[in-house]
Amino acid sequence: MPDQLLYDVKDGVATVTLNRPDQRNALNGELLAGLVDAIRRARDDEAVRAVILTGAGDKVFCAGADLGGFAADAALVQKHFASDLFLEFFRLMPRLGKPSLCAANGHVLAGGMGLALSCDLVIAKEGARFGTPEINVGAFPYMIMSIIYRNVPRKKVNEMMLLGEQISAEEAVEYGLVNKVVPPEEFHAAVTEWASKLASKSPVLMRLGHDAMYRQQDMALDDALEYLRSQLSLTFSTEDIQEGVAAFFEKREPEWKGR
């Protein structure tokens, strides 16, 4: 039986692939555990400067949780603790310290929406559809609700969750779920281009900036401004900002030291 999750590092980019194409890359315990481990591995590897999250196959990025687990003959408390892996993933992504890109190679549904929106950037393949259809099977997108509301206008989220209908990738761009949509024949090149650009930046400045992006979003304005000023002062102390400015004036590519 093939591995349910694939992990590969090339040119500073870690590619994490959900590998259950015959099951629409549905999330079971084994796959979620592998996903959390892969994100930790990418976080802790200094050679990794950016992360791509994608799905195997060409039709579905992720259809959400494996529905068989919803009706499984297991104690309620076991199901409750099984959801810890979802929480761990959602907590890890803002603390990754390096940029993440979701390559939505197909439909993004239910819990798959949470995975995609946990990434900093999302590129969708033309024809992909996005939705939270849980209500249609007598459930609700509890686990991903907080992630969606932080990315998409409230009334649109209400519509998606209460009606359980899907939207196109182009609509997903309009409502802020996705950065851009590209034709299938251009998809791989577009993902590679952005991932390479992300991996080419200063790792220390990317970490400082990435942390700040997420830490400030739920702060009161005055608290956020004070925190961000402290991060700016910390940035001034790095060698990479000096190198970046020097390279700009000397019209050359910077050579980052990561400190």
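Helix α4 is mostly covered, with 8 of its 8 residues buried. The buried residues are G111, G112, M113, G114, L115, A116, L117 and S118. Please keep in mind, as you look around, that this is a predicted model.

**Around S118**

Let us stay with α4 for a moment. S118 belongs to this helix, which covers residues 111–118. With a relative accessible area of 8%, S118 falls under the 20% limit and is therefore buried. Which residues does S118 touch, once those up to four places away in sequence are set aside? The list is F89, F90, M93, S100, I147 and Y214.

R91 has a relative accessibility of 49%, so it counts as partly exposed. Between R91 and G64 there are 18 Å in space, taken from C-alpha to C-alpha, and the two are 27 residues apart in sequence.

**Two helices side by side**

Now turn to α9 and α10. Two packed helices are described by the angle between their axes and the distance between the axes. Helix α9 runs over residues 203–215 and helix α10 over residues 221–236; their axes come within 11 Å and cross at roughly 180 degrees. An angle over 145 degrees counts as roughly antiparallel, and α9 and α10 are therefore roughly antiparallel to each other. The contact is made on the α9 side by L205, L208, D211, A212 and R215. On the α10 side, Y227, L228, Q231, L234 and T235 take part.

**Salt bridges**

How many salt bridges does the count come to? The count comes to 11 salt bridges.

| Pair | N to O distance |
|---|---|
| D218 and R150 | 3.4 Å |
| E226 and R229 | 3.1 Å |
| E243 and R252 | 2.7 Å |

The D218 and R150 salt bridge has its closest N and O atoms 3.4 Å apart. This pair links distant parts of the chain, since its members are 68 residues apart. D218 sits in the loop between α9 and α10, while R150 sits in the loop between α5 (142–149) and α6 (154–163). Are D218 and R150 buried or exposed? Both D218 and R150 are exposed.

E226 and R229 belong together in helix α10, where they are 3 residues apart, about one turn of the helix. E226 has 48% relative accessibility and so counts as partly exposed. R229, at 54% relative accessibility, counts as exposed because the limit for that class is over 50%.

The side chains of E243 and R252 meet in a salt bridge at 2.7 Å, N to O. E243 is at 11% relative accessibility and therefore counts as buried, whereas R252, at 33%, counts as partly exposed. Elsewhere, salt bridges that share partners join D37, R40 and E88 into one network.

**A nonpolar patch on the surface**

V245, F248 and F249 form a nonpolar patch on the surface. Together, these residues have about 370 Å² of accessible area. V245 lies in helix α11, which covers residues 239–249. The relative accessibility of V245 is 42%, so V245 counts as partly exposed.

Finally, have a look at the loop between β2 (13–18) and α1 (29–44), where R24 lies. R24 is a residue other than glycine, yet its phi is positive, near 60 degrees. N25 lies in the loop between β2 and α1 as well. N25 also has a positive phi, of about 55 degrees, although N25 is not a glycine.

N25 has a relative accessible area of 0%, so N25 is buried.

Terms used: Residues are numbered from 1 along each chain as its sequence is written. This is a predicted model: local features need pLDDT of at least 70, side-chain atom pairs count only at pLDDT 80 or more; totals for chains, interfaces and linings use all residues. Side-chain values use heavy atoms; hydrogens and water are left out. Patches are made of residues with over 30% relative accessible area and no salt bridge: like charges are joined within 9 Å, nonpolar side chains (Val, Leu, Ile, Met, Phe, Trp, Tyr) within 5 Å. Accessible areas come from the Shrake-Rupley method with a 1.4 Å probe; for residues, only the protein chains shown count as cover. A salt bridge is a side-chain nitrogen of Lys or Arg within 4 Å of a carboxyl oxygen of Asp or Glu. Helices (H or I, at least four residues) and strands (E, at least two) are DSSP runs, numbered from the N terminus. Buried means under 20% relative accessible area, exposed over 50%, partly exposed in between (1.4 Å probe, protein chains only). Axes are lines fitted to C-alpha atoms, for helices over the stretch in contact, and angles run from 0 to 180 degrees between N-to-C directions. Angles under 35 degrees count as roughly parallel, over 145 as roughly antiparallel, 65 to 115 as roughly perpendicular and the rest as oblique. Contact means heavy atoms within 4.5 Å.
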